[in-house]
Amino acid sequence: MSLILFAFVARLRDGLPLSASTDFEHNRELQERKRQLRTISKTLALFPHRTAVKGQELKFYLASSEGVAYMTVCHRSVPVAMAFCFLEDLRWEFATCYDHSVVALADRPYPFLEFDCAIQKLKQQYNHRGGPALQITLTEVHEDLRLCPPQILTVEEVSLANGSANGHVAQLVASGQIVKLEPVTAPGILSLVLNIMCASLNVTRGVHLIEYTFQEDYNSVWNIVAFLVAFVCCLLQCHLYVFHSPRKAAKAAGLLTTVVLCNVFLHGLRNAWQIAFHVGVASLSTALILRRKVLDRSNDCGV
């Protein structure tokens, strides 16, 4: 049975995948850990220098150095020192093959796929011979880990959703890697048009009410606020649908709730059909915002 199952190399500043080992095993947990590694790669700068994440049967480890992050998925029986020794050997191999300028200038995913040969050779050495050729290396790594232990997390603590990490890692940060969403659909275009229409109606009524309030009735200030808040919410729903945003679900729910409350408050100025129209458009937009997912740019690409 293989102990070291998968290795992955990524650029630290933006998570660009540089190389990965060829996938020969297809158990379900391994595929899940690989997915998590690729998602974590988008926020590598937020992780400690050394990190170990515990799973059920598999663990994964992360070590970063000189602008490059090295990650591996191992069987739970692999000692922590051996896993980080593997990552240290992987770092030496990669640094020998590619200098900093080549890594910095890489502009597409997996530009160093040929490095897989070196990864496979290193994996074979660890899986079949039980560790590095020089045992002193393992001893040194063990001592280094004793002095500076890695941060140990659980899979639940690094629970990832839509490229964001929960708990120990902040939400997806802006990076050089552009986050792309799924293509805009026909219902999405319809929701944008309807939202713009609702925004126009809200701001028009709000402006007219401002003129009336200043002339005759100073008690309608809160109605003006409700119209203008609903106007802003409509625009924010359009933005949330078109562009990626952290905590999208919470923001979408908050905007929908605000639109509903504003229209309930404006019950005296709008009839039931008008309120139903505005709330229906906001509900449609919320549903489409939640359904539009981030495109997975970190597919295996044949790896």
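1. A residue is called buried here when its relative accessible area is under 20%, exposed when that area is over 50%, and partly exposed in between, with a 1.4 Å probe and protein chains only. By that cut-off Cys262 is buried, at 9% relative accessibility, and Cys85 is buried as well, at 0%.

2. The model is a predicted one, in which local features need pLDDT of at least 70 and side-chain atom pairs count only at pLDDT 80 or more, while totals for chains, interfaces and linings use all residues. Residues are numbered from 1 along each chain as its sequence is written, and side-chain values use heavy atoms, with hydrogens and water left out.

3. With a disulfide taken as a pair of cysteine sulfur atoms within 2.5 Å, the count is zero. Cys262 accordingly takes part in none, and its nearest cysteine sulfur, that of Cys233, lies 5.8 Å away.

4. Asn202 sits in helix 6, which covers residues 186-215; helices (H or I, at least four residues) and strands (E, at least two) are DSSP runs numbered from the N terminus. Asn202 is buried, with a relative accessible area of 1%. Contact meaning heavy atoms within 4.5 Å, Asn202 touches Phe227, Ala230, Phe231, Cys234, Arg270 and His278, once neighbours within four places in sequence are set aside.

5. For the chain as a whole, the secondary structure comprises nine helices and eight strands, and 45% of the 303 residues count as buried. Among contacts between residues at least 6 apart in sequence, 70% join residues at least 24 apart.
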